[in-house]
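Please look over the model shown here before reading the numbered points, which are meant to be checked against the coordinates.

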Amino acid sequence: MTSKHGVCDWCKRSGLLTKHEYFDGKAYYACHSCDEHARMDIRQYNLEEMAYRQKLAQVTPPSAS
């Protein structure tokens with residue numbers, strides 16, 4: 001994770017931010033006070049997204065080439 005100055009995507013305050021990336025490639029930035037909430041939120045999303053993609057892969061048969 002990298003840090004930069006900007007506006008927190010969670011509380012909208014200006015300050016030093018930490019970059020967090022979702023499984024789908026989107027990135028959001030959290031300040032120090034929102035960092036723990038951001039980590040939990042992104043971890044939960046990533047776990048659910050991976051489970052959804054695994055379930056989808058099991059249901060969808062591979063296409064014949």
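The points below go from the overall fold to individual side-chain pairs.

1. Basis of the note. This is a predicted model, in which local features need pLDDT of at least 70 and side-chain atom pairs count only at pLDDT 80 or more, while totals for chains, interfaces and linings use all residues. Residues are numbered from 1 along each chain as its sequence is written, and side-chain values use heavy atoms, with hydrogens and water left out.

2. Fold. The protein chain has 1 helix and 3 strands, taken as DSSP runs (H or I of at least four residues for helices, E of at least two for strands) and numbered from the N terminus. Along the sequence these elements follow the pattern β-β-β-α. Among contacts between residues at least 6 apart in sequence, 18% join residues at least 24 apart, where contact means heavy atoms within 4.5 Å.

3. Surface. The protein chain exposes about 5,200 Å², of which carbon and sulfur atoms supply 53%; the areas come from the Shrake-Rupley method with a 1.4 Å probe. Of the 65 residues, 22% count as buried, a class that means under 20% relative accessible area, with exposed set at over 50% and partly exposed in between (1.4 Å probe, protein chains only).

4. Helix 1. This helix covers residues 35-59 and reaches 36 Å from its first C-alpha to its last, close to the 36 Å expected at 1.5 Å a residue, the expected span being 1.5 Å times one less than the number of residues. Asp35, Ala38, Ile42, Asn46 and Glu49 are buried in helix 1, and the buried residues of this helix pack against strand 2 (14-21) and strand 3 (27-30).

5. Salt bridges. The whole structure holds 3 salt bridges, each requiring a side-chain nitrogen of Lys or Arg within 4 Å of a carboxyl oxygen of Asp or Glu. In helix 1, Arg39 and Asp35 meet at 2.8 Å, N to O, and they lie 4 residues apart, about one turn of the helix; Arg39 is partly exposed at 44% relative accessibility, whereas Asp35 is buried at 14%. Arg53 and Glu49 form another such bridge at 2.9 Å, N to O, with Glu49 buried at 16% relative accessibility and Arg53 partly exposed at 41%. Glu21 and Lys19 form a salt bridge with their closest N and O atoms 3.7 Å apart.

6. Aromatic pairs. There are 3 aromatic pairs in the structure, counted for rings of Phe, Tyr and Trp (its six-membered ring) with centres within 6.5 Å, planes under 30 degrees apart being stacked, over 60 edge-to-face and the rest tilted. Trp10 and Tyr28 have ring centres 6.3 Å apart and planes at 75 degrees, so this pair is edge-to-face; Trp10 lies in the loop between strand 1 (3-7) and strand 2, and Tyr28 in strand 3, 18 residues apart. Tyr22 and Tyr45 are also edge-to-face, at 4.9 Å centre to centre and 90 degrees between the planes. Because Tyr22 lies in the loop between strand 2 and strand 3 and Tyr45 in helix 1, the latter pair ties together parts 23 residues apart in sequence. Trp10, Tyr22, Tyr28 and Tyr45 form one aromatic cluster.

7. A backbone point to check. Lys12 has a positive phi of about 65 degrees although it is not a glycine. Lys12 is found in the loop between strand 1 and strand 2 and is exposed, with a relative accessible area of 56%.
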